[in-house]
Amino acid sequence: MDNEWQNRDLYVNKIFLSKEIPSGNYLKRLPVISNLKKIGGLELTKPVTIFVGENGVGKSTLIEGLAVAMGFNAEGGSVNFSFSTKESHSNLHEYITVSRGWRKQKDGFFLRAESFYNVASNIDDLDNGPGGLPIILSYGGLSLHEQSHGESFMALVENRFFGNGLYILDEPEAALSPMRLMELICYIKKLVDNNSQFIISTHSPILMTFPDAEVIEITQEEIKSVDYKETEHFLITKRFMDSPEQMIKNLLD
Ligand SMILES: Nc1ncnc2c1ncn2[C@@H]1O[C@H](COP(=O)(O)OP(=O)(O)OP(=O)(O)O)[C@@H](O)[C@H]1O
Ligand SMILES: [Mg+2]
């Protein structure tokens with residue numbers, strides 16, 4: 001990607017553990033945390049960082065901790081959201097330091113598939129915004145609850161992501177058909193060209209092909225930058241798509 005934004009300072013350029021996590025805290029046992037400690041912190045060098053890894057390695061915990069440290073609501077939303085339906089988020093933000101670039105972000109959103117419903121409810125409940133206009137107008141005008149999961153997700157990206165922003169997305173593919181996911185890739189490209197930074201956790205081999213994204217794989221043993229074609233997600237999906245009948249036969253036998 002030929003984009004001068006790449007050579008500028010990003011909104012988030014390093015995450016590191018700055019305080020010892022007490023031994024009784026489950027965070028201490030998470031692979032992502034021990035690996036982060038081992039490498040002395042993670043540098044983010046591209047406008048799009050994509051975390052991949054097996055269920056439970058701690059991707060959501062890491063990006064949620066990062067989002068909270070950056071001032072976002074733990075269950076999702078912009079920095080202006082403060083609703084809380086369930087205190088289920090970790091206290092990782094208390095143990096990490098996020099190194100920020102010199103540029104101040106003008107927009108931002110933290111979106112996690114699992115609590116998107118609560119974000120939609122909160123938007124419906126919000127008072128009118130600037131000029132007395134309903135806040136829902138910033139989200140396309142139609143209640144996100146009156147649209148399907150994927151439609152409401154795309155309405156959010158299309159209407160509410162303005163650029164010059166930091167967007168943290170946890171498994172955005174959960175809502176989207178493959179076509180819509182490719183549409184999302186086009187929106188991400190447009191927003192990156194408009195000085196935005198994305199930090200994404202995904203299981204989608206489609207999403208991880210984003211041009212020039214840094215794909216970071218978290219395993220039990222390490223956290224490292226990889227070529228998306230070498231990730232387990234990509235390899236397994238490819239093997240499956242190359243011969244679905246054979247794969248299913250092997251599985252079920
Ligand atoms: N309150 C808690 N107490 C103990 N363990 C917890 C708690 N909350 C989460 N965990 C554990 O933390 C681990 C990491 O969870 P996390 O949601 O970050 O994984 P993930 O990499 O995002 O997985 P997935 O790909 O399934 O979304 C899980 O094994 C989970 O069981
Ligand atoms: Mg997760």
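## Salt bridges

Glu20, Lys28 and Lys37 belong to one network of salt bridges. This is a predicted model, and in it the total number of salt bridges comes to 10. Side chains of opposite charge can pair when their charged atoms come close. A few of the pairs deserve a look of their own.

Start with Asp212, which forms a salt bridge with Lys46, with 3.0 Å between the closest N and O atoms. This pair ties together distant parts of the chain, 166 residues apart: Asp212 sits in the loop between β7 (197-201) and β8 (214-218), while Lys46 sits in the loop between β2 (42-43) and β3 (48-53). Asp212 is partly exposed, with a relative accessible area of 32%, and Lys46 is partly exposed as well, with a value of 23%.

## Pairs further along the chain

Lys238 and Asp242 also meet in a salt bridge, and here the N to O distance is 2.8 Å. What separates these two residues along helix α6? The helix covers residues 232-242, and because Lys238 and Asp242 are four residues apart in it, about one helical turn lies between them. An α-helix has 3.6 residues a turn, so residues three or four places apart point the same way. Lys238 is partly exposed at 43% relative accessible area, whereas Asp242 counts as exposed at 54%.

Another salt bridge joins Lys249 to Asp253, with the closest N and O atoms 3.0 Å apart.

## A nonpolar surface patch

Now for some nonpolar side chains: Ile248, Leu251 and Leu252 form a patch on the surface, and together they have about 330 Å² of accessible area. One of them, Ile248, lies in helix α7, which spans residues 244-252. At 37% relative accessibility, Ile248 counts as partly exposed, and the patch can include Ile248 because the cut-off for membership is over 30% relative accessible area.

In which order do the three strands of the open sheet come? The order is β2-β1-β4, and the pairing is antiparallel. β2 and β4 (96-100) are the edge strands, each pairing on one side only. Strands of a sheet pair through backbone hydrogen bonds, either parallel or antiparallel. Strand β1 (residues 12-17) is joined to β2 by two bridges, and these strands run antiparallel. If you follow Lys14 across to β2, you will find Glu43 as its bridge partner.

Helix α1 (residues 31-39) packs on this sheet, where it touches β1 and β2, and its direction makes about 100 degrees with that of β1. Helix α2 (residues 59-69) lies across β1 and β4 and runs at about 65 degrees to β4.

## What helix α1 hides

Which residues of α1 are buried? They are Pro31, Val32, Ile33, Asn35 and Leu36. The cover over these buried residues includes β1, β2, α2, β8 and β9 (223-226). Just after α1 comes Gly40, with a positive phi of about 75 degrees.

Most residues other than glycine have a negative phi, and most peptide bonds are trans. Asn195 is not a glycine, yet it has a positive phi of about 55 degrees. It lies in the loop between α5 (178-193) and β7. Asn195 counts as buried because its relative accessible area is 16%, and the limit for that label is under 20%.

Asp212 is found in the loop between β7 and β8, and it is partly exposed at 32% relative accessible area.

One last stop is helix α4 (residues 149-160), which holds Glu158. Is Glu158 buried or partly exposed? With a relative accessible area of 46%, Glu158 is partly exposed. Ser138 is 20 residues away from Glu158 along the chain, and the C-alpha atoms of the two residues are separated by 9.8 Å.

Definitions and conventions
Residues are numbered from 1 along each chain as its sequence is written. Chains are lettered from A and ligands numbered from 1 in the order in which they are written. This is a predicted model: local features need pLDDT of at least 70, side-chain atom pairs count only at pLDDT 80 or more; totals for chains, interfaces and linings use all residues. Side-chain values use heavy atoms; hydrogens and water are left out. A salt bridge is a side-chain nitrogen of Lys or Arg within 4 Å of a carboxyl oxygen of Asp or Glu. Buried means under 20% relative accessible area, exposed over 50%, partly exposed in between (1.4 Å probe, protein chains only). Patches are made of residues with over 30% relative accessible area and no salt bridge: like charges are joined within 9 Å, nonpolar side chains (Val, Leu, Ile, Met, Phe, Trp, Tyr) within 5 Å. Accessible areas come from the Shrake-Rupley method with a 1.4 Å probe; for residues, only the protein chains shown count as cover. Two strands pair if DSSP finds at least two bridges between them. Contact means heavy atoms within 4.5 Å. Axes are lines fitted to C-alpha atoms, for helices over the stretch in contact, and angles run from 0 to 180 degrees between N-to-C directions.
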